[in-house]
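Please keep the sequence and the three-dimensional model side by side while reading. The explanation begins at the ligand and then moves through the protein around it.

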Amino acid sequence: MIASVDGRLTTERWTAPDGGPAAALVHKAYDATAARLGSQGWMVGRTTMADYVERESAPQLLDRPIRRASFEGRRNGRNLAVVLDPSGKLVHTSDDLDGDHAVAIVSERVDEVYLEALRATGVSYLFSGPDGSDLAGAMATLGEVFGVTTILLQGGGTINGAFLAAGLIDEFSTLIFPSVDGLAGIPSIVDYRGISTDRPALGQSLHLIGNEMLEGGVVWLRHGVSHRAGTTL
Ligand SMILES: NC(=O)c1ccc[n+]([C@@H]2O[C@H](COP(=O)([O-])OP(=O)(O)OC[C@H]3O[C@@H](n4cnc5c(N)ncnc54)[C@H](OP(=O)(O)O)[C@@H]3O)[C@@H](O)[C@H]2O)c1
């Protein structure tokens, strides 16, 4: 993730050190560090992926979840571009996203028409339980069926918060961009949707495993996460 000094995630609101727009420096730092982390792909929430697909539709959800097999399209050695889209809102028109193979993680309430459209487009899919909240199960399938051992969770804050609360993050890679947002209410890079007494990071401690200054004064921090057993939300 890339954050402003105050931990916010809306990069369009930032100013670069030279006073101009931040976009070029943001993308350069993000892509360069992602490449250095080494993974079999990247993974984002439905809202973030909406910027990459042409449109969204109103899903027809089944009254009751149905367990079905996952589907593996033709990956052809590509890395994976994974989206957590529990209701099947995104309309995919290609299985290729910036050279990576698209994979949709959907709930068991998504209807057959949506799955058929994914198969026709060659987009792979797998399930995240009856209501889409079984992230651990989805990650297990991603490992077993797609051979993934490392995947970059690239936001936004909502999906990052859900993975944090599930105890599924084992390393944070955070780029601190030299800009401040400053407005109350702008989302942070980890934004679990819960009540005021929830502590999504309970039982998880961070230890610094890397720090580096990049071009333009962007600081790259890496933290390993230690999990104390039995303490996730
Ligand atoms: N600074 C950065 O590095 C960075 C990186 C990525 C994105 N961003 C920015 O982040 C913003 C989007 O972030 P966001 O937090 O609004 O959305 P998000 O995390 O991209 O997506 C949230 C959506 O993911 C789906 N989801 C699937 N499983 C879920 C679960 N277990 N718990 C909760 N949600 C689940 C839900 O879709 P449904 O609503 O369909 O149920 C939910 O609304 C954009 O402005 C984007 O540009 C910044």
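The side chain of Lys89 has an N or O atom 3.0 Å from an oxygen atom of the ligand; such a pair is a polar contact, defined as N or O atoms within 3.5 Å, and within protein one atom must be able to donate a hydrogen and the other to accept it, while residues adjacent in sequence count only if both atoms are side-chain atoms. The model is a predicted one, in which local features need pLDDT of at least 70 and side-chain atom pairs count only at pLDDT 80 or more, whereas totals for chains, interfaces and linings use all residues. Residues are numbered from 1 along each chain as its sequence is written, and side-chain values use heavy atoms, with hydrogens and water left out.

A backbone N or O atom of Gly156 is found 3.0 Å from a ligand oxygen atom, and a polar backbone atom of Gly157 is 3.3 Å from an oxygen atom of the ligand. On its own the ligand has 940 Å² of accessible area, of which the protein covers 79% (areas come from the Shrake-Rupley method with a 1.4 Å probe; for residues, only the protein chains shown count as cover).

Which elements give two or more residues to the shell around the ligand? They are α2 (46-49) and α5; helices (H or I, at least four residues) and strands (E, at least two) are DSSP runs numbered from the N terminus. The largest share, four residues, comes from α5. Of the 21 residues around the ligand, Ile2, Arg46, Thr48, Gln154 and Thr158 come nearest, where a residue is near if one of its heavy atoms lies within 4 Å. The shell divides into nine nonpolar, nine polar and three charged residues (Ala, Val, Leu, Ile, Met, Phe, Trp, Tyr, Cys and Pro count as nonpolar, Asp, Glu, Lys and Arg as charged, and the others, Gly among them, as polar).

The next subject is helix α3, residues 112-121, in which Tyr114, Leu115 and Leu118 are buried (buried means under 20% relative accessible area, exposed over 50% and partly exposed in between, with a 1.4 Å probe and protein chains only). Seen down the axis of α3, the buried residues fall within an arc of 100°, so they line one face of the helix; the arc is that of the directions from the helix axis to the C-beta atoms. The face turned away from the buried side of α3 carries the exposed residues Val113 and Ala120. The cover over the buried residues of α3 includes β5 (90-91), β7 (100-106) and β8 (124-127). Just after α3, Gly122 has a positive phi of about 85°.

His92, in the loop between β5 and β6, counts as buried because its relative accessibility is 9%. Leaving aside neighbours within four places in sequence, His92 is in contact (heavy atoms within 4.5 Å) with residues including Tyr114 and Leu118.

Two residues other than glycine also have a positive phi. Asn76, in the loop between β3 (55-56) and β4 (80-84), has a phi of about 50° and is exposed, with a relative accessible area of 66%. Asp98, in the loop between β6 (96-97) and β7, has a phi near 55° and counts as exposed at 66% relative accessibility.
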